[in-house]
Amino acid sequence: MAGFPGRPVRARDADRAATCARLDTAFVDGQLDAVEHRERVAAAMTARTLAELAQLTADLQPDPDAAPPPAPVPMAKPHRIWRAYAVGLVVLCLLGIVGYSCAESGPRSAVGGPAAAANGSLFTEEGWQDFLTWLREEHGGTAVVDASVYPDYARVEVLEPDDPRHTRATLYPERNFGDLTGNRKLDDPLVDLAAVDHAALRALLDEAPRRLKVRDATSRYVVFGFPTVGPDVMIVYASNDYKQSGHLFADLSGRVLQEWPVQG
């Protein structure tokens with residue numbers, strides 16, 4: 001991957017996804033706080049070169065359980081974008097990129113949801129229903145590849161309407177954060193966000209700090225469609241300004257499957 005002499009090497013979607021996954025891990029284990037995580041995931045999602053991605057993880061400790069940095073992926077093997085990771089993505093591509101400042105931000109959608117999201121109430125019943133309405137009106141339905149949802153906005157990967165093999169990352173409320181597309185295997189299952197028990201999700205978000213032993217939580221969000229856990233599991237995260245964070249797995253009905261609370 002040397003590229004042309006004197007020229008930067010362009011990053012692929014797989015490289016961006018791998019960087020977001022590493023940032024998510026760093027957030028979960030306390031190396032990054034919520035603000036740092038969001039800012040770095042935002043930068044990773046729009047990075048053009050491998051050098052830009054490398055700068056985002058240069059000060060992180062190596063993950064002993066992580067695979068080596070990704071080698072070039074053969075074009076014959078389609079891949080999905082992950083962010084965040086969540087999140088928040090991971091985030092988030094997280095995975096996610098809640099609250100980041102972007103000079104290229106465009107106008108918000110005229111659909112009713114952005115007003116609720118701007119007030120930090122996307123997790124309310126009204127905000128959630130507005131979000132689902134936006135998905136139906138703008139993207140043809142509530143089935144998505146993945147989503148990282150924060151109180152004031154969501155990052156969603158949706159199918160391209162003219163070709164279900166291709167995906168596109170979008171933000172709600174809508175804004176321009178660069179062209180980020182990917183590929184999807186046709187047999188990869190989608191996540192139907194309309195199948196989420198919203199009342200149970202809200203309860204989990206309210207209970208997360210206590211369940212995960214996160215004192216004075218300042219950030220809570222949820223990730224759907226994380227590649228390694230399947231479409232029927234959502235991941236709820238909580239963190240605070242002391243760089244403590246935890247997360248739990250639950251099914252779409254809100255039944256908790258596993259928890260990773262703060263240690264110590």
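Predicted model: local features only at pLDDT ≥ 70, side-chain atom pairs only at ≥ 80, totals over all residues.

Q: Where is Thr142 found, and which residues does Thr142 touch?

A: Thr142 sits in the loop between α5 and β2. Leaving aside residues up to four places away in sequence, Thr142 touches Leu132, Leu135, Arg136, Val191, Asp192, Leu193 and Ala194. With Asp192 there is also a polar contact, side chain to side chain, at 2.5 Å.

Q: What is the length of α5 from its first C-alpha to its last?

A: α5 has 15 residues and reaches 21 Å, close to the 21 Å expected at 1.5 Å a residue. Its buried residues are Gly127, Trp128, Asp130, Phe131, Leu132, Trp134 and Leu135. After α5 comes Gly140, with a positive phi near 80 degrees.

Q: How does one look for a pocket?

A: Rolling a probe the size of a water molecule over the atoms shows where empty space is left. Here, the second largest pocket has a volume of about 160 Å³.

Q: Which elements give two or more residues to the lining of the second largest pocket?

A: They are α5 (125–139), β2 (143–144) and β4 (154–160). The largest share, 3 residues, comes from α5. The lining includes Leu135, His139, Gly140, Val144 and Arg168.

Q: How many residues of each class are in that lining?

A: The lining of the second largest pocket has 6 nonpolar, 3 polar and 2 charged residues.

Methods: Residues numbered from 1 in each chain as written. Heavy atoms only, no water. 1 Å grid on protein atoms, 1.4 Å probe; cavity = no way out; pocket = protein on both sides within 12 Å on 5 of 7 lines; lining within 4 Å. Points joined across faces, edges and corners; volume = space filled by probe spheres on them. Helix = DSSP H or I, 4+ residues; strand = E, 2+ residues; numbered from the N terminus. Nonpolar A, V, L, I, M, F, W, Y, C, P; charged D, E, K, R; others polar. Polar contact = N/O pair within 3.5 Å; in protein donor to acceptor, adjacent residues only side chain to side chain. Contact = heavy atoms within 4.5 Å. Expected span 1.5 Å × (residues − 1). Buried < 20%, exposed > 50% of the residue type's maximum accessible area, 1.4 Å probe, protein only.
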